[in-house]
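This report describes the packing of selected helices.

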Amino acid sequence: MHLVSLGCAKNQVDSEKMLGALVQAGALICEDPRDADTVVINTCGFIASAKEESVNTILAAAKLKDEGTCQRLIVAGCLVARHPDELAVELPEVDAFTGVGDAEAVVRACGLRPRGCARLRFGLPHVAFLRIADGCDNRCAYCAIPLIRGSLRSEPPRAVVAEASRLAGQGAREIIIIAQDTTSYGRDRKDGASLARLLPRLAAVTGKAWLRLMYTHPAHFSDDLISAYQDLPTLCRYVDVPLQHLSDPILKRMGRRVTQKQCLDLIDKLRARVPGLVLRTTFLVGFPGETASQFNELLRLVERIEFDHLGAFTYSVEEGTAAARLPRRVSQKEKDRRYAELMAAQQEIAARRNAARMGQRCMLLVDSPAPGRKGAFISRFYGQAPDVDGVTLLRAANAKPGRFFDAVITAAQGYDLVARPWKR
């Protein structure tokens, strides 16, 4: 069988558990879908572009059935959770639909008997995702996550620590802590669990592995959490805080439960208390009612703050969300224009901030050989998360994937950096 995993890192964890359960049940995994008698697609249904990618992937797999190379097609995940009835009607080629994270249902749909659920990781062997919670209680107006994954459900601290220890024991040199909102961890529990209390326990069992925290919320970023960045040497001084906007009227319409001043105060506090901080954010442009002046306010603040990394996406109507009922829609043409203007501004900022890193000594985590470049390796310093940020091209014949390497930055190339070995 062959599995296709779409969407975010949270979905990848579900896919890894599906793979593990399938192998436990006796399935043989194929890299090429044309060699498989069964194809499983774990879909994403977060926004319109992700849904389109999921449907196109399903249709491509359906062609394999037509050609006779595949006998069974199973579709799982977020898109199924959002549109189960519509998919069943529109995609008769699919043999079975299963919901979010139901590994046993996938095994049964493959005609096998569940025999436990181990986790079979894929991707870089030295990078692992640690999901500490699922679901979300924030109920942002534009977001379908609560409709797909439900309310916040934090994993027990003991189970999270045990999983982190297993990942480190399997050779993970970077453990990326994820949830829909990692800073909400423990708010649904009655045992006093919190992210700030969890992090020292994780650091204690993961040795020298980097811990990277993703998907934090500005409304829930506590002083204790900031202190963790100061106190824990292996916690990367990298903050991923999706702000979504910085105009107060838009933040209110989005249901973000935070103001512009609170966001700016948090950034100032983080930069003052965490030396070497690398800051990443995400913005949503073209939200219903966003005026030109409100977008320009966001743009001016982005230029003033100078985020190290910035992602953006245009608003799309998501059925069942509060924002889907809002008036004063922004045209697609205008949304695209604002997106392009914001990303052009960030490109200049990123180039400037990267140029300022030349001559700095840093520890790199080596990911893989650089394609077509002998003696060069794709690597990252602590301020570069895999897949979402730029990389550092390390020119060193003795580097090895999965190892740390002492280097110095020698050049900047847009979003990327270049480095060579550090010599005393």
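A crossing is left-handed if the near helix is turned anticlockwise from the far one by less than a right angle, and right-handed if clockwise. The model is predicted, so local features need pLDDT of at least 70 and side-chain atom pairs count only at pLDDT 80 or more, while totals for chains, interfaces and linings use all residues. Residues are numbered from 1 along each chain as its sequence is written, and side-chain values use heavy atoms, without hydrogens and water.

Helices are DSSP runs (H or I, at least four residues), numbered from the N terminus. Axes are lines fitted to C-alpha atoms over the stretch in contact, with angles from 0 to 180 degrees between N-to-C directions.

| Helix pair | Axis approach | Crossing angle |
|---|---|---|
| α9 (residues 223–231) and α11 (residues 260–273) | within 10 Å | roughly 30° |
| α12 (residues 292–305) and α13 (residues 332–355) | within 10 Å | roughly 10° |

α9 and α11 are therefore roughly parallel to each other (angles under 35 degrees), and their crossing is right-handed. Contact (heavy atoms within 4.5 Å) joins D223, I226, S227 and Q230 of α9 to L266, K269, L270 and R273 of α11. These residues comprise three nonpolar, two polar and three charged.

α12 and α13 are therefore roughly parallel to each other as well. A292, F295, L299, V302 and E303 in α12 meet residues of α13 including R338, E341 and L342.

Helix α1 (residues 9–24) reaches 23 Å from its first C-alpha to its last. Of its 16 residues, 13 are buried (under 20% relative accessible area, 1.4 Å probe, protein chains only). G26, with a positive phi near 105°, follows α1.

Notes: Helix = DSSP H or I, 4+ residues; strand = E, 2+ residues; numbered from the N terminus. Parallel < 35°, antiparallel > 145°, perpendicular 65-115°, else oblique. Nonpolar A, V, L, I, M, F, W, Y, C, P; charged D, E, K, R; others polar. Expected span 1.5 Å × (residues − 1). Buried < 20%, exposed > 50% of the residue type's maximum accessible area, 1.4 Å probe, protein only.
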